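Hi there,

Here is the structure I promised to pass on. My notes follow below it.

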Amino acid sequence: MSSYQLGVLAMYLPGKRLEELSYFRKLSVYGKKLGLEVLVFTPDDLDHVKNRVQALVYNHSSRRWMRKRTPVPAIIYDRCRYHGIENYHKISRFRARNSKLRYLSRPLANKWTMHQILSENAEIAKHLPATILYSGNKEFLKFLKKHRSVYLKPRSGTGGRGIVRLQNTTGSTFLMQGRDQGRRIIPTQKINAQQISTRLSTWRLIGRYIVQQGIPLTLKDGRVHDFRMLVQKDGSGEWQITGCAGRVGPAHSVTSNLHGGGSAVPMDTLLRNRFPEKPKVDAIKEKAYTLGMDTARFVEEKFGSQCEIGIDLAIDPKGKVWLLEVNPKPSREVFYRIGERRTYRNAIVRPLEYALWLLKNEVGHTAGFL
């Protein structure tokens, strides 16, 4: 029997499905080896009166999930993906009613607010693409004149949904490509500047979208790429770079997300294909890793305790490292896809080891006992 408990807070999708059930199973398997019982539940599973949850626990003998009624665990690993305003309100109410719980990570901000906060750090600011909040066509066109390529991104959102890239081709003509809110690829269109807002009139851009300087990410075969870095706390409460891998988007896509059909490539392989000189590759990796650690520490300083963050990076043709996005609930499948099994295992185990470290050193030996 496990001595400690970790609550994993999730969110039901339509049909009472849990989006990351496969990941939760792996957490449960590794957790058992560490003496940590993993309890998966959603805000809908909470009995507010008795302060108990009807949690899912993985039965290792039958290899099936079972329900277990238990007090709310003292430490919570929040993996909620909101997918709509109703889910956002659910998790907000849960946090308000359970303010004394210890969370492995605190919520972060939307892309626009995050850009503003990261800009306060002089070292990190050097790596940020120019970014504005979409406030209307006039300011947008001025920004478009400054940059040969720009991206329109939802202020809130993940997985490459609703992202549009505009590339200046002749000075007055632009190539528009992207993905709609369902991640479907939008066919390439050639339009003029005045047609942009008309084509996107149903997207409600004002105040909901950011406009970001485009970094040259196109490979020789025409596909875009970037890098996903995972930075996590270890079993001693210290930040570590767990790994970094390349992501290459499918043909005709402006995003590289794996959920959108992208493929994974080892970081070294992708860098060596672009920069043949080993010293150049080593220097780029060193800059990227330094940026990753600086970002993790600064994000924690601004938002409170964190256990992990995913960082999307771009490397331009000159080798400059750019910070594109910070993700508070990163996936780790990219490491499995490139065959880095040890990195993949660390990516799963480190939140568990960090939770155990908290239970033993901060929350106290009695918290989380069965």
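A word on exposure to begin: buried means under 20% relative accessible area, exposed over 50%, and partly exposed in between (1.4 Å probe, protein chains only). By that scale Arg63 is exposed, with a relative accessible area of 66%.

Please keep in mind that this is a predicted model: local features need pLDDT of at least 70, side-chain atom pairs count only at pLDDT 80 or more, and totals for chains, interfaces and linings use all residues. Residues are numbered from 1 along each chain as its sequence is written, and side-chain values use heavy atoms, with hydrogens and water left out.

Arg63 has a positive phi near 55 degrees, though it is a residue other than glycine. Arg63 lies in the loop between strand S6 (52-59) and strand S7 (64-71); strands (E, at least two residues) and helices (H or I, at least four) are DSSP runs, numbered from the N terminus. Asn51, also not a glycine, has a positive phi of about 55 degrees. Asn51 sits in the loop between strand S5 (46-47) and S6, and is partly exposed at 40% relative accessible area.

**Cysteines**

How many disulfides does a search of the whole structure find? The search gives zero, a disulfide being a pair of cysteine sulfur atoms within 2.5 Å. For Cys244, the nearest cysteine sulfur is that of Cys307, 18 Å away. For Cys307, the nearest is that of Cys80, at 14 Å. Cys244 is buried, with a relative accessible area of 5%, and Cys307 is buried too, at 1%.

**Cores**

A nonpolar core here is a set of buried Ala, Val, Leu, Ile, Met, Phe, Trp, Tyr and Cys residues joined through side-chain atoms within 4.5 Å. The largest has 35 residues, and those touching the most other members are Leu118, Phe227, Met229, Val231, Leu271, Leu313 and Leu323. Elements giving two or more residues to this core include helix H3 (111-118), strand S16 (225-233) and helix H8 (278-303). H8 supplies the largest share, nine residues. Leu323 has contacts (heavy atoms within 4.5 Å) that include Leu118, Pro129, Leu291 and Leu313, leaving out residues up to four places away in sequence. A second, separate core of 33 residues includes Tyr23, Phe24, Cys307 and Leu359.

Happy to talk any of this over.

Best wishes
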